[in-house]
Amino acid sequence: MPEPTESTPPETAAAPEAPETPETPETPGSPETPGSPETPTLTGRDRLVRDLRSARRSQLVVAVLLALVGFGAVTQVRTADADSSYAGYREQDLIDVLNGLSATTQRAQTELNRLVQRRDDLQSTTLRRQAALDEAKSQVDTLSILAGQVPVTGPGVRVTIKEQTSEVNVDSFIDLIQELRSSGAEAIEVNNDVRLVAQSSFEKVQGGLLVDGELVEPPYVVEAIGEPSTLAGAVTFLRGPADEFKDDGASVTVDKLNSLDILSVRGRNGEVSGSSGTASSQ
């Protein structure tokens, strides 16, 4: 009996594969959303505008710093251009420029020295002229005082002579005046009426003394301006004028004064013009 034969089932033909669909490239920063339309690609300008609109504080600081750096660079370039104005000069040209500057500086310094010397000369001349004027004025004042042509005020002494037993001797009176002059009396006046000068004359007459033609009656008051202690000593020293007047029978009083006014003056032709004086005692 024949054996049964296995039957091989017929091979099933494989189904044809579906063609592959090309993948769409993904745009960076924009993940695909299922069912959403594709996002367009941004250009560099668009990204710059977007970044400027949404600028942060740190970005603003960086922008300001960049602007400052740019300004500094422009300034440096301009300064370099200004400093390089002589860059194209030859060595001899630069030497000539330096020589010209040196000559200009020397001329300016010479003119400055001349003006300074001129100023010093003018100041010196002015000072010498002023000193000469001051000296001349001082001499005029001194001569005017000695000539009795101006009133005088200052410290001094008042000598009062009162006749008691007899009349004073004219020689004693002259000795008194000479001692006061020798002790530095600047101005001397008798009885507030007669201003004494170097040419004054004294004469004994009936009723008193004739001084420069003016009758002066006792008591005699002699006022002198100068250093009070020195003038008082010139009258009261031993065997001096005070002792002479006492020998003549008169009393002598010497007052030292802090301030004394001698107002009587003499005219330019020598005439006497009397005036009463004032004084404050020491």
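The following is a short exchange about how terms are applied to this predicted model.

Visitor: Why is T160 called buried?

Guide: T160 has a relative accessibility of 15%, and the limit for buried is under 20%, so T160 counts as buried. T160 is in strand β1. Leaving out residues up to four places away in sequence, T160 touches Y220, V221, S251, V252 and T253.

Visitor: What makes β1 and β8 a pair of strands?

Guide: Pairing requires at least two bridges, and β1 and β8 have eleven, in the antiparallel sense. One of the bridge partners in β8 is A250, which goes with E163.

Visitor: What makes β1 and β7 a pair?

Guide: Six bridges join β1 and β7, again antiparallel, against a requirement of at least two. I161 has Y220 in β7 as its bridge partner.

Visitor: Which strands pair with β2?

Guide: β7 pairs with β2 in the antiparallel sense over four bridges, and V190 stands opposite V222 of β7. β3 (residues 194-196) is joined to β2 by three bridges, also antiparallel. Here E189 has R195 in β3 as its bridge partner. The hairpin of β2 and β3 has three residues between the strands, and N191 takes a positive phi near 50°.

Visitor: Which way do the residues of β2 point, and are they buried or exposed?

Guide: In β2 (residues 187-190), A187 and E189 point one way, while I188 and V190 point the other way. All four are buried.

Visitor: Why is S264 called buried?

Guide: The relative accessible area of S264 is 0%, which is under the 20% limit, so S264 is buried. S264 sits in the loop between β8 and β9 (265-266).

Visitor: What makes the approach of S264 and E189 a polar contact?

Guide: The side chains of S264 and E189 are joined at 2.4 Å, and the cut-off for such a pair of N or O atoms is 3.5 Å. The contact therefore falls within the cut-off.

Visitor: How do you know that the buried residues of α5 line one face?

Guide: The buried residues of α5 (residues 228-236) are P228, L231, A232, A234 and V235. Viewed down the helix axis, they fall within an arc of 155°, so they line one face of the helix. As background, an α-helix has 3.6 residues a turn, so residues three or four places apart point the same way.

Visitor: What do the buried residues of α5 pack against, and what is found at its start?

Guide: They pack against β1 (152-163), α4 (170-182), β7 (220-225), α6 (241-247) and β8 (250-262). At the start of α5, a side-chain oxygen of E227 comes to within 3.1 Å of the backbone nitrogen of S229.

Visitor: Which residues touch the most other members of the largest nonpolar core?

Guide: They are I161, F173, L180 and V222, in a core of 28 residues. α4 gives the most to this core, with five residues. Another core lies apart from it and has six residues, among them A187, I225, L257 and L260.

Visitor: What is V222 in contact with?

Guide: Leaving aside neighbours within four places in sequence, the contacts of V222 include V157, V159, F173, L176, I177, L180, I188 and V190. R158 and E189 are also in contact with V222.

Visitor: Where does the name "coiled-coil region" come from?

Guide: The name is a UniProt annotation, from an unreviewed entry, covering residues 98-125. In the model this span is 100% helix and 0% strand, and its end C-alpha atoms lie 40 Å apart.

Key:
Residues numbered from 1 in each chain as written. Predicted model: local features only at pLDDT ≥ 70, side-chain atom pairs only at ≥ 80, totals over all residues. Heavy atoms only, no water. Buried < 20%, exposed > 50% of the residue type's maximum accessible area, 1.4 Å probe, protein only. Helix = DSSP H or I, 4+ residues; strand = E, 2+ residues; numbered from the N terminus. Arc of directions from axis to C-beta. Contact = heavy atoms within 4.5 Å. Polar contact = N/O pair within 3.5 Å; in protein donor to acceptor, adjacent residues only side chain to side chain. UniProt positions renumbered as here; feature names shortened; annotations may be inferred. Core = buried A, V, L, I, M, F, W, Y, C linked by side-chain atoms within 4.5 Å.
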